[in-house]
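Hello,

Here is the structure I said I would pass on. My notes follow below it.

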Amino acid sequence: MIKGEMLMNRRPLLSFTICWIAGSAAGCLFSGRSLLIYLAGLLLLPAIWAVSGGIRWRTAAVIGLAIAAAAMYWEWSEARNVSLLPEQLGRSATELNEANVTAAGVIASPVERDGDRVDFTVKLSRIGLERQGSQVDETSANVETGAKVATKEKVAVVVAAGAAADAEKGGSAAAEGAEAEAEAETGVGADAITGAEEEAKGELVAVQIKLQEESEIAVAALWQRGDRVVIEGELAQPQIARNFGGFDYRAYLLTKKIHWLLKGSGTVSVKIAPPASWQLSGILRWNDRMRATLGAEMERLFEEPHAGYMKGLVIGIQEDLDPETFKQFSQLGLTHILAISGMHVAVYVGVILFLLRRCRFTRETALTVTLLLVPAYVLLSGAGPSVVRAGIMSMIALLAARLSILKDGMNILAAAALMMLVWNPYLLLSVSFQLSFLVTAGLMVYTPLAAPLFRCLSNWLGSALSVTFIAQLVSFPLTIYYFNQFSLLSFAANLLLVPFITFLVLPLGTLALLLGRFWNTAALLTVQLAELLNNATFAAVEWVNGFTAGVLIWASPSLLWICLYYGLLYGVLYALKRRTEITLAPQYMEDETRPLTELELPGKSRGKAGNTSSKAEPAAAASSRRAALALQAFPHSDATRWSSLAAMLCAAGLALLLYKGYYAEDLNGTGAISYLDVGQGDSILITTPGGAHILVDGGGTVSFGKKEAWRIRRSPFEVGAKTLLPLLKQRGIHRLDAVILTHGDQDHAGGLQAVLEGMPVSALLFNGTLADTEPYTELMTTALAAGVRLYPVQKGMVLAPDEAAQLHFLWPEPPADGQTLLNEVEDQNHESVVFRLEMNGRSFLFAGDMDQAAEEAILQSAQQAGIQAGKPIDILKVAHHGSKTATSADWLTFWHPAAAVISAGVNNLYGHPNGDVLDRLKDENTEVYRTDQHGEIQLKVHKEAITIRHKLNHRLN
């Protein structure tokens, strides 16, 4: 009972917060009956602990209350986190999707522009559907447009945040006055949106405005948080995950309590008016302006890419960071440097305290002033989860120092976590929140255990090594869970570059920003020095990343794996610490007395007369006494032996866990085929029973024409980098044994560029021709530079990755006499690689984008060989996304596929799949699976049968 009670009494906030997190996790992971069962299991644990005498029943009740309250709070938050628009507008979510609306509200976030798109969040006050076919009153239309008669009737439902607005503005009369003022200033009032009023809570929508002209950039730059806005646009539901393990944008926005996107075209679709009166949100409006001003000053002082880098480093504005720089830092696990975190807050607090004390402020006054200034820094730095955590911890620590209470760091950390989770329970799902708190807690728990391992080094070096070592070990599970890669050189990079950047580059950037306003010459000199150091940093990061063999790809581990990792890591470090203490502790008999001077800190030398000058002598004496007491139960040699054995067992368990985590794939003789959803394109992953990985095509984002410079976004969506490569890594694929590029069209070849840059590839098989496009040339150049073997394939060739799988290539034909390989061919579809896969006794046909002429040529060759009908195949990959240019009736009759897969984009512009093709498949009694309806389609190929699953149902909403 004593140990459990001591934990609760000594660190009550920590114990309560751990239970709160457990309850929140239960609410997040389970629902309904499953949640009740899980909660019952959690509540049973403290009851058993109390029965066994570990804790009092009162303590068990507090633990159970924290778990149950957190779970109910999560469920309550989930019940409130629903969209009100379908109910208020009287339409289903499916009907509202892609509906044209006019919405009014207040901008509730910073306004950000990336290329030709402007993003911000609006808190709605009213929203109305637009119906075609009738006219509104001419006067009302003139109020809205200023000139022309509307051709659409605005049928609206007012979604007003009534009670809150009334309370802030002094009642309904004030609210009406403010609305009238907004009406006059924006030109859109009650006549523009009419209908029955309904109460609501001000739903949030994510607004995306596509700019049409370069001149609109200046207009959008005037939009600010707090502005009243009326937007005409299209409602859309956020995209869900369409591949297993893929990014779910809808679920991500749900954690921000956003359920809809509102897409507008050009600034003409947005009407803006400043706020009617000052509100508390005006502080955030001022803060956004201040951050924008500081960012502009950074851009004035620094050249690119230094400006974007320094903006992220000094003031936490990461939107302008060069994507290539971020990629380089990310590969080495250095992105935490670019986020304002505990180190920045600690430096900020330390500088303020130093200056105040130099100005002769009393200790109490200095602490109070600093406490009040911390929130200002948190706001100016962007208020991300990591800086909020550091800010709250700093404020609690400053208050504790002021009042001489709550001096335990773990309790302070727990208080910060509890406050943030009560404010927003969805922060539990934030990667930044998880990493920030976990690494901070890990440093507090594991660093004292690891400190004796570095006892032979000087204090500063040992401390730096232990902190960096523990930070890497603690962050490792979350790093591989979310990012699926870890660099073996990350430890060295963090050890050398973090102090360099934190104590040299960061102060120089801050100093340049401060000097820029009143001493430009000094600021520019500081900038030159900072850029010189930045160039050295970039060069070092790029050089280290050149050792690609040090980057390991990991599958996302399970929650059980992560918990076992932390437990075994604690066991290893604790056992090594005990062994070190036992080895260095002074030896004496139980009834023997020794002078106190012999109880000095192990490893420290004495002064001249046998005395020590170390201020840590009381702590050292206590440590030695504990070690000596432990030896009363075990002789020195036995205690050392048991500690060594425990360390070896835990280390062996940890090594086995890491091995199983790295080689997570367990096929058991089963093959697998995944038809990935890459939109309007093809990408198929084949895994043979022997474990070979073959990627067929990589999808690709097709762009029409060359974009103007101002439209180009910093990190545009690209299928290979944003979808395909993360999926391959998430599934723990360390190397692709072969990539088959069926032909050179962008919707098949474009995504492979990111694959070749981000993952080892052994061989690239292609159709033996070249496409006269810049992306294709770049792809081949990248393959050659990476040492990838290139193989042009032809009809009749066979590839056997293992005994249970063979690929028989049916097309293209070998070059005719007098022709050579590697000719430029404009019509790549006809030259598509076609092959038949035999795996575990099952047959699969992959047709690329072949056309009907290629089909006829293959069928004619079969007839000449005396083959009237091919061996029936189990699954056909329909050619050219179901286009009418292929998949003829003769082709289907020859192969007689049991099922077919069509890879096509949702609502694609080409009308794929063609209705005639679907009819022919139906006539052949072929079951059809489509990526536009089913998302990713996965096959498990057993010797007995093929099992099929897909990510989505037919209905996508």
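Strands β20 (residues 805-811) and β22 (residues 834-839) pair in the antiparallel sense, over 6 bridges. Within that pairing, Phe809 has Phe835 of β22 as its bridge partner. Please keep in mind that this is a predicted model.

Both strands belong to an open sheet of 7 strands with mixed pairing, in the order β19-β20-β22-β23-β24-β25-β26. The edges are β19 (798-802) and β26 (927-930); each has a single partner strand, so one side of each is left without a neighbour in the sheet. On average, neighbouring strands here are turned by 20° against each other, direction ignored.

There are also two helix pairs to report.

Helix α16 (residues 363-380) packs with helix α17 (residues 385-403) at an angle of about 165°, and their axes are 9 Å apart. That makes the two roughly antiparallel. Their crossing is left-handed. Contact residues include Leu367, Leu371 and Val374 of α16, and Val388, Met395 and Leu398 of α17. By class, this contact has 11 nonpolar, 3 polar and 3 charged residues.

For helix α19 (residues 431-450) and helix α20 (residues 459-483), the axes cross at roughly 145° and come within 8 Å. This crossing is right-handed. Among the residues that meet are Leu435, Leu438 and Tyr446 in α19, and Val467, Ile470 and Leu478 in α20. The contact of α19 with α20 divides into 14 nonpolar and 5 polar residues, with no charged ones.

Regards

Note on methods:
Residues are numbered from 1 along each chain as its sequence is written. This is a predicted model: local features need pLDDT of at least 70, side-chain atom pairs count only at pLDDT 80 or more; totals for chains, interfaces and linings use all residues. Side-chain values use heavy atoms; hydrogens and water are left out. Axes are lines fitted to C-alpha atoms, for helices over the stretch in contact, and angles run from 0 to 180 degrees between N-to-C directions. Helices (H or I, at least four residues) and strands (E, at least two) are DSSP runs, numbered from the N terminus. Angles under 35 degrees count as roughly parallel, over 145 as roughly antiparallel, 65 to 115 as roughly perpendicular and the rest as oblique. A crossing is left-handed if the near helix is turned anticlockwise from the far one by less than a right angle, and right-handed if clockwise. Contact means heavy atoms within 4.5 Å. Ala, Val, Leu, Ile, Met, Phe, Trp, Tyr, Cys and Pro count as nonpolar, Asp, Glu, Lys and Arg as charged, and the others, Gly among them, as polar. Two strands pair if DSSP finds at least two bridges between them.
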